[in-house]
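Hi,

Here is the structure I promised to pass on.

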Number of protein chains: 2
Amino acid sequence: MPDSKAATNRDKATAKRRNQILEAAVMCFLEKGYHQTGVRDIAARAGVSLGNLYNHFPGKHDVLVEIAQLERKEVGPFLEVLMKPSPAPKVLDGFIGAYAKYLSAPENVILSLEITSEAIRQPDIARLFLDTRENLIATLVTLVERGIAEGDFRSVPNANQVSHLIIEILESSAERSVFSNTPMRKIVGSVRDFVSAALQPQ
Amino acid sequence: MPDSKAATNRDKATAKRRNQILEAAVMCFLEKGYHQTGVRDIAARAGVSLGNLYNHFPGKHDVLVEIAQLERKEVGPFLEVLMKPSPAPKVLDGFIGAYAKYLSAPENVILSLEITSEAIRQPDIARLFLDTRENLIATLVTLVERGIAEGDFRSVPNANQVSHLIIEILESSAERSVFSNTPMRKIVGSVRDFVSAALQPQ
DNA sequence: CATTATTGAACGAACGATCGTTCATACTAT
DNA sequence: ATAGTATGAACGATCGTTCGTTCAATAATG
């Protein structure tokens, strides 16, 4: 065992508490939104005293930042999907399906909307948001460019812009599915059709 | 003069005050967001006493509802653009340009995002939001269907879904333009290209 | 037309609740 | 013995709303 894992029982318990708090915060933010959620709400839901929460986090804002950082790591699997060596249209279809599935969980959509609307006025959260996005876009751009080079996609004027549009179509469709109570699976077909038509050569 | 305008001086002054309050509220919501804005902020910015604000509005929530209703009426001009009898692709292009121009003002984007994120947990605001959207979509659907009938667009599987996607592409692009400080005019070209490719026959 | 009632705009103090945060203190694993 | 977890009371600030009151414009009355 590497000594980097010199985790005492106490350390493990502390890490567990932290996660409890974070999970409780996510639930609260989903239910009531960030600003309607009080620190007491989070502490109570996590089964932790008010004062103790401040032993684990400097403040309410930092809890949100940490949640935003966790969301950031959720894109990893999609990057892998995008980097598969199959024909570009197939890979793109796979990505659309995978991302749509992720977005078919309303929690993911709502939490993302919550973070986005906080990002407007909180620069550090905006930065996290943009970094995550940049990762995803960059990987999607290489896929689109590969598709063009292999003759599977038309030669779009700007692969970066197109990549943004693809992601945004998916996310805003997911938002609509939440607001209009339409399951994502009834939407994703149209998205697939629309995107593939937009990229079709000729 | 019709007696429906039996507005006394007092009535006119009252209407003016109401508008002052609404405009102040919009500015506050843009600057700090709905929940960070206190009723005192709105009253102060409107040049009105705290107590008097409650003579004009039942409460803070109702101010937001009224603002959402005002936003609702902003779509009118776009409906007119969509109903022009020119060839469908030309009309669509005109609409994209007009809507993009509207969305190139960050206030419109941010206020819309603010209202959207309130709509998640406030059913009456969600209803306003969905009503407005339904109006726009219905008009866009008839345009798309006309374009298909006239052979200018391909026969898409679902004109309603496509219409939603077109609107959502525009709005989410506008959101991106706000977050990444990219002027909308540098984005709208790609949007036009993407949408027209997606609708191209063959 | 002059006068009184009545209405509702306008004000800011005050209310009770809740907010995020700090604090003194007890306790326990190291 | 020490360092860090845990607790809940307490703090000052701010929240949305209500309240009693003043005052001017309108409506009703003569």
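A residue counts as buried here if 20 or more other C-beta atoms lie within 10 Å of its own, as exposed if 12 or fewer do, and as partly exposed in between, with C-beta atoms placed from the backbone. By that count, 35% of the 202 residues of chain A are buried.

Some housekeeping: this is a predicted model, where local features need pLDDT of at least 70 and side-chain atom pairs count only at pLDDT 80 or more, while totals for chains, interfaces and linings use all residues. Residues are numbered from 1 along each chain as its sequence is written, and chains are lettered from A and ligands numbered from 1 in the order in which they are written.

Now chain A overall. It has ten helices and zero strands (DSSP runs numbered from the N terminus: H or I, at least four residues, for helices; E, at least two, for strands). The C-alpha trace of chain A spans about 65 × 45 × 30 Å along its principal axes. Take two residues as in contact if their C-beta atoms, placed from the backbone, lie within 7 Å. Of the contacts in chain A with a separation of 6 or more, 63% are between residues 24 or more positions apart.

Five residues of domain 1 of chain A are in contact with five residues of domain 2 of chain A. On the domain 1 side, those residues are four nonpolar, one polar and no charged (nonpolar: Ala, Val, Leu, Ile, Met, Phe, Trp, Tyr, Cys and Pro; charged: Asp, Glu, Lys and Arg; polar: the others, Gly among them).

One helix pair I looked at is H4(A) (residues 60–72) and H7(A) (residues 106–119), whose axes come within 11 Å and cross at roughly 125° (axes are lines fitted to C-alpha atoms, for helices over the stretch in contact, and angles run from 0 to 180 degrees between N-to-C directions). Leu64(A), Ala68(A) and Glu71(A) in H4(A) meet Leu111(A), Ser112(A), Ile115(A) and Glu118(A) in H7(A). The residues of this contact divide into four nonpolar, one polar and two charged.

Finally, the two chains: 35 residues of chain B are in contact with 35 residues of chain A. On the chain B side, H9(B) gives the largest share, eleven residues. By class, that side has 16 nonpolar, twelve polar and seven charged residues.

Cheers
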